[in-house]
Amino acid sequence: MSLPMIPAAKPIVGDEERAAVDAVLRSGMIAQGPQVAAFEEEFAAELVDGRRCQAVSSGTSGLHLGLLACGVGPGDEVIVPSFTFAATANSVALTGATPVFADIELDTFCLDPKSVEAAVTERTVAIMPVHLYGHPADMPGLQAVADRHGLKIFEDAAQAHGASLGGRKVGSFGDFAMFSLYPTKNMTSGEGGMVACATEEIARQVRLLRNQGMERQYANEVIGLNERMTDIHAAIGRVQLTKLAGWTRQRQENAAYLDAHLEGVTTPPVAADAVHVYHQYTIRVAGGAAERDRIVTALREEHQVGSGVYYPIPNHRLSSLEHFAPGLELPVTEQAAAEVISLPVHPSLSEGDLERVVTAVNTVVKAGA
Ligand SMILES: *Cc1c(COP(=O)(O)O)cnc(C)c1O
């Protein structure tokens with residue numbers, strides 16, 4: 001008998017979100033308005049120690065506008081990880097600047113400050129770490145490199161709502177930080193992004209750029225886009241924000257259970273001083289990509305356990321981005337891309353689900369050993 005599938009991710013949307021959307025639709029004010037303004041303030045207070053937040057239409061828009069607001073453009077280089085979703089490097093490339101790929105640390109899957117230092121040139125203007133899977137990047141190490149070379153820091157915090165390092169929340173380190181609100185992220189607004197800004201000047205540039213360059217209607221100051229969030233999306237996000245802390249605790253408890261019971265795999269360590277919010281719970285398995293893929297298939301087909309491989313192809317080898325990095329070798333990135341599997345860790349898992357995940361992984365891994 002086959003059991004119901006345990007999905008790798010599961011967005012949670014309830015009656016409160018539906019009621020909030022209905023209230024916006026009834027109000028007749030659907031586009032960016034009071035819900036967006038309230039969401040920005042609540043997000044700032046809850047997640048980034050009060051830094052000014054500007055809501056936008058997606059996480060990718062947030063990266064793009066944040067980079068433009070900080071003056072990044074043609075001739076500039078921004079150092080990014082290759083082991084991430086393509087939106088990180090895409091947003092740099094879309095400004096006309098060049099994404100320069102650096103390697104990661106195997107434990108945290110985040111940028112390695114030594115590799116970043118080696119990638120700095122006279123055209124480098126910034127480092128953009130990704131807090132991958134919900135684990136904070138080594139911000140003190142990266143800040144030291146930035147200080148030595150006079151670089152800015154931008155944070156791709158798409159996967160890391162609520163994560164912190166040394167008691168400081170991610171999103172409060174860089175000149176700007178982006179959080180994604182896509183449905184599979186730790187909280188959602190449907191589609192959406194939030195840009196947390198270090199200064200009012202950067203925040204104002206983001207506001208202008210998301211709204212055709214206007215702060216006052218028809219007084220267009222700069223060339224901008226339409227990357228506004230709607231009040232419909234903000235209403236969903238406001239409800240989700242009130243639930244995020246509880247969901248994060250549940251993710252952390254699920255991760256602790258997996259840490260304690262998985263065998264024969266490398267479970268994800270947490271750096272000293274770090275709070276991991278487990279957007280993904282990502283293990284590494286021995287034996288290379290073919291063995292990893294066998295495990296993923298067996299989990300799904302023999303045990304009805306969903307899992308994900310984020311990311312099987314490093315960005316510097318994607319056909320869209322490889323021209324930025326001819327001949328580049330990033331050995332740790334390659335190793336991670338061949339070894340990672342993200343297991344279900346989302347807050348909807350029951351105790352029985354977690355037991356099934358553990359039994360499935362332990363059985364399938366042992367069978368290949
Ligand atoms: C999801 C994600 C993005 C893009 O966010 P969208 O809201 O999907 O546009 C960027 N970077 C990383 C690391 C992500 O996981």
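Begin by selecting Asp49, in the loop between α2 (34–47) and β1 (52–56); helices (H or I, at least four residues) and strands (E, at least two) are DSSP runs, numbered from the N terminus. The phi angle of Asp49 is near 50°, a positive value in a residue other than glycine. The model is predicted, so to speak of local features requires pLDDT of at least 70, side-chain atom pairs count only at pLDDT 80 or more, and totals for chains, interfaces and linings use all residues. Residues are numbered from 1 along each chain as its sequence is written, and side-chain values use heavy atoms, with hydrogens and water left out.

Select the ligand next, together with its shell. 15 residues surround the ligand, a residue being near a molecule if one of its heavy atoms lies within 4 Å of it. The closest are Thr60, Asp156, Gln159, Ser180 and Lys185. By class, this shell has five nonpolar, eight polar and two charged residues; Ala, Val, Leu, Ile, Met, Phe, Trp, Tyr, Cys and Pro count as nonpolar, Asp, Glu, Lys and Arg as charged, and the others, Gly among them, as polar.

A polar side-chain atom of Ser180 is 2.7 Å from a ligand oxygen. For Gln159, a side-chain N or O atom lies 2.8 Å from an oxygen atom of the ligand, and for Lys185 the corresponding distance is 3.0 Å. The protein covers 93% of the 380 Å² of accessible area that the ligand has on its own, by the Shrake-Rupley method with a 1.4 Å probe. Colour α3 (59–69), α4 (87–94) and β8 (176–180), the elements that give two or more residues to the shell around the ligand.

Turn to the surrounding space. The ligand takes up the largest pocket, in the sense that more than half of its atoms lie within 2 Å of the pocket's grid points. On a 1 Å grid over the protein atoms alone, a pocket is an open set of points with protein on both sides within 12 Å along at least five of seven lines, a cavity is a set where a 1.4 Å probe fits but cannot get out, and lining residues have an atom within 4 Å of a point. The volume of the largest pocket is about 420 Å³, and of its 24 lining residues the closest to the centre are Phe85, Tyr182, Thr184, Lys185 and Tyr311. α3 gives the most to this lining, with three residues.

Select Tyr311, in the loop between α9 (288–303) and α10 (331–339). A cis peptide bond joins Tyr310 and Tyr311, with omega about 15°.

Finish at the largest cavity, with a volume of about 150 Å³. Among its 18 lining residues, Lys10, Pro11, Thr184, Lys185 and Arg251 are the closest to its centre.

Conventions. Polar contact = N/O pair within 3.5 Å; in protein donor to acceptor, adjacent residues only side chain to side chain. Points joined across faces, edges and corners; volume = space filled by probe spheres on them.
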